[in-house]
Amino acid sequence: MTKPSEEVETMDDATPEESKPKGMKPANLTAIIIAAVVVALAGIGGGYAYWTHHEGNAYHEAVARAENADKALSKAVDEATATTYKADQLKEPKLLDKLDASISKAKALKGIPEDQPGEWLAWQLASARKANATDADEANAQAKALDAALKAVRDSKLAKELDGAKDQLKQGIDGASQTLRDTDGKVADNATRDSLTKAIDEANDTFSKKGVTDPKTYTDAKAKLDAAVKQVTDSKAAKEQAEAEAAAQAQAQAQAAAQAQAAQAAAQPQSSYSQSYNRYGGSGSGYSSNRGYSAPQQSYTPSSNGNGGGSHRTFDFSNSGGHGAGGYLPDGGASLPPIVH
C-alpha cells in the first residue's frame, strides 16, 4: 500500500517542467482561471442582452407595420362594401364574383396576434416579430388584390355606362335628323331649324370622338340636342296653332256674314197670294184686296100714278156689302141703276 504522498502526484510534480508557467505561482494561476470564467459569463450575458434588445425593437416595428397594413385592409373592405353593385350594371358581370371573393378573403385574415411576448424572452420576441411581419405582408397583399378587384368592377360599370350614353346619343341624333326633315316649311321661326342643324353636327362630332372616359360627355351633347329639337317642335306647334286660330276666325266671319244676309232677307216685305170664292159657288184666284161683293136687293111695289096707274120696281144697294151702283142681278145679269118712275 502506498502512501498518499506517494500515490497522488501534485500538479507541480505531474506538470512537465517545460509547460509550467515560469515565474507564476499556483495561486495566481487559479485567479486567472476564475477571471476568465467571469469574463466569459459576462460576455454571454451581454450578448443575450443585446439580442433581446434587438429582437424587442424589431418586434415593435413589425407590430406597427402590421397595424398599418390591417387598417389599410379594413379601409379597403369598407370601400368595397360601401356601394352595392349588380350584375346587370357591369359590362362583364363575372367580375362581381371576383370582388365578393376578395372581400370574403380579406375579412378572414386573423390580424395581429393577441399574445404579447416577454420583454426579456428573446426567442418569444423573435417569434412574435415573424408573426406580425407575416400578417403585414398578407394584409398588404390582400388589400392590393381587393383594390384591383374593386377597380375592375368600377371600370366595367363605367364601360357599360359609356356604351349606354353613347347609344342614347346615337338615338338622339337619328330622332333629331328626322325632326329636321319633317319640319321643313312647317315652323313659325326657321332659325330654330338652323340651330338644330348645328346641334346635330356637334353631336356627331362628339359621337365620333376617341378616348372618351366620362359618360357626361355624351349626356351633355344629348341634352343640348334635345333642347334644339324642343325649340323646333315648339315653333311647329306655334305655327299650327296660329293657322288653326286663323281658320277658326275665318269660319266665324263667314258664319256671321251668312247670318246677316239671312236677317236682311227676312226684313224685306213680301206679297201674299190667296184664292177667293164668291157666294154663288164660283171661284177665282188672284191677289187679295179689301173689296168684297154682295148682291143688290130688289123690291117690287105696285103703285099707281096719274099716268095710267102703271107699276114700278126699285133696287136697293144700300146694304153693307154694296159696291156702288154697279153689280150683278140674282139671275146673273148685270144690274142697272135704280129707275124711278
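Helices here are DSSP runs of H or I with at least four residues, numbered from the N terminus. Axes are lines fitted to C-alpha atoms over the stretch in contact, with angles from 0 to 180 degrees between N-to-C directions.

You're looking at a predicted model, where local features need pLDDT of at least 70, side-chain atom pairs count only at pLDDT 80 or more, and totals for chains, interfaces and linings use all residues. Residues are numbered from 1 along each chain as its sequence is written, and side-chain values use heavy atoms, leaving out hydrogens and water.

**Stop one: a helix pair**

Select residues 191-208 (helix 6) and 215-267 (helix 7): their axes come within 9 Å and cross at roughly 160 degrees. Helix 6 and helix 7 are therefore roughly antiparallel (an angle over 145 degrees).

Now show the side chains. Which residues of helix 6 meet helix 7? Among them are Leu196, Ala199 and Ala203, while the helix 7 side includes Ala221, Leu225 and Ala228 (contact means heavy atoms within 4.5 Å).

**Stop two: the largest nonpolar core**

A nonpolar core is a set of buried Ala, Val, Leu, Ile, Met, Phe, Trp, Tyr and Cys residues joined through side-chain atoms within 4.5 Å; buried means under 20% relative accessible area with a 1.4 Å probe, protein chains only. Pick Ala80, Tyr85, Leu99, Ile103, Leu146 and Val153, which touch the most other members of this 20-residue core. Helix 5 (122-182) is one of the elements giving two or more residues, and its 7 residues are the largest share.

Zoom in on Ala80: leaving aside residues up to four places away in sequence, Ala80 touches Leu99, Ile103, Leu146 and Leu150.

**Last stop**

Another core, of 18 residues, lies apart from that one; select Val187, Ala203, Val212 and Ala228 among them.

Methods
Angles under 35 degrees count as roughly parallel, over 145 as roughly antiparallel, 65 to 115 as roughly perpendicular and the rest as oblique. Buried means under 20% relative accessible area, exposed over 50%, partly exposed in between (1.4 Å probe, protein chains only).
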